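Please keep the sequence and the coordinates in view while reading.

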Amino acid sequence: MTAEFVLSGVCHAYGAGMDALEGIDLTIEAGQHVAIVGANGSGKSTLLKMLDGLVFARAGVIEAFGHALTEDALEDPAFRREFRSRVGFVFQDADVQLFCNTVFDELAFGPLQLGLMPEDVRTRVAETAEALRIGKLLDRAPYTLSGGEKKRVAIASVLTMRPQALLMDEPTNALDPRSQVWLLDVLEEWKRAGRTVVIATHDLSAAAESCDRMIVLSEDHRVVADGAPEEVLARRDLLLSVNLIHEHAHRHGADRHVHPHAHEHEHA
Ligand SMILES: Nc1ncnc2c1ncn2[C@@H]1O[C@H](COP(=O)(O)OP(=O)(O)OP(=O)(O)O)[C@@H](O)[C@H]1O
Ligand SMILES: [Mg+2]
């Protein structure tokens, strides 16, 4: 397998006292489906933005597709075009992503930028809209959509670019259970096509279902576990210590028990 992303000793701080990532050593191979999990503020979004070349390492080195990913490297138009065509990013907040007048334009924007013929763009838009069931929304203005509809449009607008590496920040956030299934179906297809997917999420069960690797960030912004989702999720003490699950008091008759709970309230 070829490494898609390699991070060595990567640190990031947004300013004094605003640490976001500490000593991250990570290799993501082509075709892997990786879930990044961790409590609020642990650094998941920062890590994804770093893989997308939106945030840069203050210390350490990050490589994408065998090239150093730095501000300078991205100033080279050829490298930037190549990198942007290979990596797609779905922001945690869909409002940040959507800027076109219609949903159709939103989905068509990426493929047009890649230089596809209008006919091919229409085909891609139609296929992707069908997969995420947003065909009826194509003429709508994105700002008139509901939160979950916006999220589906934001995801679709990146999928139409068919990036080799898809980075998604909380993709299932705001999606109803049916839409989550549609998204998981799409990801299943992507896995078969050998594309790389990296997802930041609080949804441990969806992560376990759709990913073959789970990386846990601690509240002090370090990688504290990295392995198969079932192995990572079996480490209840570790998950408790990084605040991914919490102790929850229960009353059973006269008895009061404390059980560890996952965020989706799965019983231990
Ligand atoms: N633009 C910014 N300026 C200053 N500090 C920031 C900025 N963005 C993030 N941070 C800080 O960096 C740390 C990591 O934030 P990040 O958004 O990566 O966390 P996260 O794991 O994605 O959290 P969440 O689960 O809430 O989305 C936090 O302490 C946060 O306050
Ligand atoms: Mg985040």
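In this predicted model, helix α5 passes helix α6 in a right-handed crossing. Residues 103-113 form α5 and residues 118-131 form α6; their axes come within 9 Å and cross at roughly 130°. The two helices are therefore oblique to each other, since an angle counts as roughly antiparallel when it is over 145 degrees and as roughly perpendicular from 65 to 115. On the α5 side the contact is made by Phe104, Leu107, Ala108, Pro111 and Leu112, and on the α6 side by Val121, Arg124, Val125, Thr128 and Ala129. By class, the residues of this contact comprise 8 nonpolar, 1 polar and 1 charged.

Helix α5 also packs against α7, at an angle of about 30° and with the axes 7 Å apart. That angle makes α5 roughly parallel to α7, because angles under 35 degrees fall in that category. Here, too, α5 passes its partner in a right-handed crossing. Val103, Glu106, Leu107, Phe109 and Gly110 of α5 meet Val153, Ala156, Ser157 and Val158 of α7. This contact divides into 6 nonpolar, 2 polar and 1 charged residues. Leu107 belongs both to the contact with α6 and to the contact with α7. An α-helix has 3.6 residues a turn, so residues three or four places apart point the same way. In the contact with α6, the α5 residues include Phe104, Leu107 and Pro111; in the contact with α7, they include Val103, Glu106 and Gly110.

Most residues other than glycine have a negative phi. Arginine 133, in the loop between α6 and α7 (147-159), has a positive phi near 50°. With 14 other C-beta atoms within 10 Å, arginine 133 is partly exposed. Arginine 162 lies in the loop between α7 and β7 (165-169), and its phi is likewise positive, near 45°. Arginine 162 has 19 C-beta neighbours inside 10 Å and therefore counts as partly exposed, because a residue is buried if 20 or more such atoms lie within that distance.

The buried residues are Lys44, Thr46, Leu47, Leu48, Lys49, Met50 and Leu51. After α1 comes glycine 53, with a positive phi near 65°.

Aspartate 212 is found in the loop between α9 (204-210) and β9 (213-217). It is partly exposed, having 14 C-beta neighbours inside 10 Å. Apart from neighbours within four places in sequence, aspartate 212 is in contact with Gln32, His33 and Ala228. Its C-alpha atom is separated by 8.2 Å from that of glycine 227, 15 residues apart along the chain.

Finally, the chain may be considered as a whole. It has 11 helices and 12 strands, and its C-alpha trace spans about 65 × 45 × 35 Å along the principal axes. For 268 residues, a compact globule would have a radius of gyration near 18 Å, and the 19 Å of this chain agrees with that value. Buried residues account for 38% of the 268. Among contacts between residues at least 6 apart in sequence, 65% join residues at least 24 apart.

Methods:
Residues numbered from 1 in each chain as written. Chains lettered and ligands numbered in written order. Predicted model: local features only at pLDDT ≥ 70, side-chain atom pairs only at ≥ 80, totals over all residues. Axes fitted to C-alpha atoms, helices over the stretch in contact; angles between N-to-C directions. Helix = DSSP H or I, 4+ residues; strand = E, 2+ residues; numbered from the N terminus. Left-handed = near helix turned anticlockwise from the far one by under 90°. Contact = placed C-beta atoms within 7 Å. Nonpolar A, V, L, I, M, F, W, Y, C, P; charged D, E, K, R; others polar. Rg over C-alpha atoms; globule rule 2.2 N^0.38 Å. Buried ≥ 20, exposed ≤ 12 C-beta atoms within 10 Å, placed from the backbone.
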